[in-house]
Amino acid sequence: MTNRDFAVEVVQRLQVAGHQALFAGGCVRDQLLGLVPKDYDVATNARPEQVRELFGKHRTLAIGASFGVISVIGPKPLLPIEVATFRRDGSYSDGRRPDHVEFTDAREDALRRDFTINGLFFDPIADRVLDFVDGRRDLDERVIRAIGNPADRISEDKLRMLRAIRFTATFDFELERETKDAIRKHARQISVVSGERIGAEMRRMLGHSNRHLAAQLLQECELLEQIVPSGNLEGENRANWRTRLKWLKELGAVNWETAAVVLLLNSLKEQGVEPIAERWKLSTAERKSIAWINQHWLTLSRAAYLPWSEVQPFLVHGEALQALKLAETALGPNHVGVEFCREKLKLPAAVLNPKELANGEDLKSWGLEPGPTYSRILSIIRTKQLDGEISSKQQAHQIALEFLDAVD
Ligand code: ATP
Ligand code: MG
């Protein structure tokens with residue numbers, strides 16, 4: 001059974017029990033665009049208690065019950081289906097979430113949603129789309145348009161600014177004029193949105209091949225300067241920005257961290273990774289990855305002129321291929337450093353990354369006192385090994401003794 005099969009089953013069960021039940025929002029949009037939805041949401045006029053009763057307490061979760069959302073748990077590998085009672089949102093005092101919700105009908109539930117293409121319903125049993133917001137027209141015309149008055153809708157929930165740009169960029173749609181104006185007008189208020197949510201949106205925008213469109217929209221809407229610490233682009237010359245947009249466009253299949261390095265080049269140069277990691281609430285792995293790529297992609301570009309012992313540790317690093325793609329985009333595929341690295345990466349693993357000639361155990365067996373000099377000695381041995389100056393354990397032993405002599 002697929003996620004869709006299970007979602008249809010949930011709808012059917014609700015309808016047979018006498019309720020109205022429909023696919024809602026993102027899954028309807030994706031289906032009409034010919035995309036496979038990530039997950040299916042069901043909207044219904046059944047009350048949360050009725051949904052729980054129908055599917056049974058042990059097959060439902062009531063985590064979102066205060067917003068009228070009950071999760072119906074499916075057979076093992078399938079995702080739970082969120083069944084939400086049609087609702088109208090109360091006032092928004094925090095600029096992010098409604099203070100309370102009231103249960104209502106399908107039409108009002110469509111009107112509370114963010115963009116017309118996200119306001120569609122679909123009845124999978126009758127095979128019929130229900131459109132109260134002209135969402136189909138905008139899907140056909142490839143437009144992201146706020147439902148209702150854009151300025152009101154954006155000021156209710158500031159996260160919608162980033163969602164609008166993400167949908168516009170990743171679908172390669174147009175951002176409707178008034179919606180765009182409303183975003184520009186409210187850009188400074190993105191500060192009420194949590195770092196986690198900003199980070200989550202940036203991850204998705206920068207992880208997508210249309211990342212250059214997202215970056216351009218963020219800049220045009222004056223949002224970029226709000227979400228990048230010291231991201232004031234005015235001081236930056238236009239040619240520089242255009243170059244980076246071009247790189248973002250040409251990066252191809254890279255991880256989002258690599259794209260972030262391009263977007264944040266100036267900020268990273270001035271302040272390092274910490275301010276952005278804090279602002280976007282990045283994980284340790286993401287922070288390390290951005291810092292590493294930022295530090296090393298230019299090293300790879302100089303690889304042909306550096307000692308092998310300096311280049312090799314970069315090439316065997318987990319992010320080497322990402323940094324290399326960035327270098328290739330920025331410097332061109334025929335750049336001597338880029339070609340050098342590509343060639344080296346074709347070497348068999350045992351040649352590219354040969355086993356160490358000596359380790360801590362060896363130093364101990366040679367009678368060296370354990371201590372901080374261990375890593376120093378091992379690193380000297382490794383450098384000489386990689387640079388082809390030594391190739392046996394005896395030679396490594398010799399190096400260790402010479403080092404100790406020199407220190408004494
Ligand atoms: P994706 O899952 O690809 O991010 P989506 O549109 O499905 O896109 P969800 O966050 O899963 O986004 O939300 C499901 C639906 O809920 C949306 O399609 C939209 O109708 C509604 N929705 C989500 N977030 C908001 C919001 N901030 N304001 C108004 N409606 C929203
Ligand atoms: Mg979704």
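Colleague: What is the handedness of the crossing where H18 passes H19?

Modeller: A crossing is left-handed if the near helix is turned anticlockwise from the far one by less than a right angle, and right-handed if clockwise. Here H18 passes H19 in a left-handed crossing. Note that this is a predicted model, in which local features need pLDDT of at least 70 and side-chain atom pairs count only at pLDDT 80 or more, while totals for chains, interfaces and linings use all residues. Residues are numbered from 1 along each chain as written, chains are lettered from A and ligands numbered from 1 in written order, and side-chain values use heavy atoms, without hydrogens and water.

Colleague: At what angle do H18 and H19 pack?

Modeller: Helices (H or I, at least four residues) and strands (E, at least two) are DSSP runs numbered from the N terminus. Axes are lines fitted to C-alpha atoms, for helices over the stretch in contact, with angles from 0 to 180 degrees between N-to-C directions. Helix H18 (residues 320-331) packs on H19 at about 150°, with the axes 10 Å apart. Angles under 35 degrees count as roughly parallel, over 145 as roughly antiparallel, 65 to 115 as roughly perpendicular and the rest as oblique. H18 and H19 are therefore roughly antiparallel to each other. Contact (heavy atoms within 4.5 Å) is made by Leu321, Leu324, Lys325, Ala327, Glu328 and Leu331 of H18 with Val338, Cys341, Arg342 and Leu345 of H19. By class, this contact has seven nonpolar, no polar and three charged residues; Ala, Val, Leu, Ile, Met, Phe, Trp, Tyr, Cys and Pro count as nonpolar, Asp, Glu, Lys and Arg as charged, and the others, Gly among them, as polar.

Colleague: How do the axes of H17 and H19 cross?

Modeller: The axes of helix H17 (residues 308-315) and helix H19 (residues 336-345) come within 11 Å and cross at roughly 70°. H17 and H19 are therefore roughly perpendicular, and their crossing is right-handed. Trp308, Val311 and Leu315 of H17 meet Phe340, Cys341, Lys344 and Leu345 of H19. This contact has six nonpolar, no polar and one charged residues.

Colleague: Which residues have the most contacts inside the largest nonpolar core?

Modeller: A nonpolar core is a set of buried Ala, Val, Leu, Ile, Met, Phe, Trp, Tyr and Cys residues joined through side-chain atoms within 4.5 Å. Buried means under 20% relative accessible area, exposed over 50%, partly exposed in between (1.4 Å probe, protein chains only). The largest core has 96 residues, and Phe23, Leu263 and Trp280 have the most contacts inside it. Helix H7 (residues 159-171) gives the largest share of this core, eight residues. A second, separate core of 14 residues includes Leu357, Leu363, Tyr374 and Ile399.

Colleague: Is Ile81 buried or exposed?

Modeller: Ile81, in strand E5, is buried, with a relative accessible area of 1%. Not counting residues up to four places away in sequence, Ile81 touches Asn3, Phe6, Ala7, Val10, Tyr40, Val42, Ile70, Ser71 and Val72. The C-alpha atoms of Ile81 and Ile70 are separated by 8.3 Å. Thr85 is also placed in strand E5 (residues 81-85) and is buried, at 2%.

Colleague: Where does Asp172 lie?

Modeller: Asp172 lies in the loop between H7 and strand E11 (174-175). Asp172 is partly exposed, with a relative accessible area of 45%. Leaving aside neighbours within four places in sequence, Asp172 is in contact with Arg142, Phe167, Asn210 and Leu213. The C-alpha atoms of Asp172 and Asn210, 38 residues apart along the chain, are separated by 7.4 Å.
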